[in-house]
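I am opening a notebook page on this structure, and I want to look up its aromatic rings and a few of the residues around them.

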Amino acid sequence: MTHAMQKGSNIPVTATAVRAVLRWTTGPEVPDVDASALLVGADGRVRSDEDFVFYNQPRHPSGSVWRLGKKQVGDGVTDAVQADLRAVPPVVDRVLVVASAEDVPFEQVRDLRIQLYDATPGGAPEPLAHFDVRPETGAETALICGELYRRGEGWKFRALGEGYSDGLVGLATDHGISVDENAAEAAGAAAEPAPAAAGTPGDDRTAAMRPPVQTPVTQAPPAAQPAYGYPQPVSPVPVPAPGGDPSFRLPVQGPQFIRR
């Protein structure tokens with residue numbers, strides 16, 4: 001049974017791995033939306049910039065949280081974040097699921113919804129819960145759509161819909177990441193446009209800006225594709241990010257996030 005959630009409501013999460021899928025309806029004036037995640041402690045702040053999982057840093061070093069990328073689904077587009085809750089570092093109290101629209105207000109984003117799925121092998125294709133995210137003012141350019149948070153020995157999911165009119169910059173700063181916007185502007189001015197990457201409808205990130213794909217240490221045969229379009233994970237194997245590799249953080253036309 002799928003829970004239709006209201007803002008501020010919560011549900012227990014018994015699955016050991018979950019997938020948070022953002023979906024919205026496309027259209028001529030509808031901006032592109034990106035999903036990202038922040039791993040924060042009990043104080044609501046990150047430990048380092050590595051606790052921010054976004055389009056230019058798509059996997060947490062622990063292997064516990066990663067982006068799946070965009071997919072075209074009928075007249076809509078989805079972007080998703082997946083979490084192996086067993087691998088989330090103990091010092092992380094909450095995983096915030098964020099939507100951002102690159103300085104375009106969310107009043108122009110149609111039918112924004114977050115859906116939470118059981119991502120364990122054999123999990124049901126129907127979502128565990130969904131929440132229709134409605135910005136309070138319409139001027140927001142970033143929204144915390146929901147959060148996974150610890151409760152005792154388990155986890156819960158809460159519907160939020162908290163907005164920031166200053167986008168990812170304001171949201172990141174509010175959670176302990178300082179932003180070097182001057183360096184970002186310089187990197188953006190120097191970046192050469194590249195063709196859109198194939199196979200990612202609705203995603204305007206360029207292939208040249210994408211971090212290299214990491215090869216898992218071990219890999220089981222792929223499972224069957226469920227109805228909503230994302231592969232069921234095999235028994236989750238944490239895949240470390242390329243720590244210390246300077247090519248991992250490539251320049252993007254947006255803010256660079258640095259630990260404050």
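Is Tyr-55 buried or exposed? I looked this up in what is a predicted model, and found Tyr-55 to be buried, because its relative accessible area is 11% and the cut-off for buried is under 20%.

Next I turned to ring pairs. A pair of aromatic rings is described by the distance of the centres and the angle of the planes. My search of the whole structure gave 2 aromatic pairs. In one of them, the ring centres of Phe-52 and Phe-54 are 4.6 Å apart and the planes meet at 15 degrees, so I noted this pair as stacked. Phe-54 also pairs with Tyr-55, this time edge-to-face, with 5.2 Å from centre to centre and 65 degrees between the planes. Through these ring pairs, Phe-52, Phe-54 and Tyr-55 are linked into a cluster.

My next entry concerns Arg-67, which I located in strand S6, spanning residues 65-73. Arg-67 is buried, with a relative accessible area of 13%, and its side chain reaches the backbone oxygen of Ala-35 at 2.7 Å. Leaving aside neighbours within four places in sequence, I listed the contacts of Arg-67, among them Phe-54, Tyr-55, Asp-34 and Asp-79.

Last, I looked for a charge over a ring, and recorded that Arg-158 lies over the face of Tyr-149, at 4.1 Å from the ring centre.

Definitions and conventions. Residues numbered from 1 in each chain as written. Predicted model: local features only at pLDDT ≥ 70, side-chain atom pairs only at ≥ 80, totals over all residues. Heavy atoms only, no water. Phe/Tyr/Trp six-rings, centres within 6.5 Å; stacked < 30°, edge-to-face > 60°. Buried < 20%, exposed > 50% of the residue type's maximum accessible area, 1.4 Å probe, protein only. Lys NZ or Arg CZ within 6 Å of the ring centre and 35° of its normal. Helix = DSSP H or I, 4+ residues; strand = E, 2+ residues; numbered from the N terminus. Polar contact = N/O pair within 3.5 Å; in protein donor to acceptor, adjacent residues only side chain to side chain. Contact = heavy atoms within 4.5 Å.
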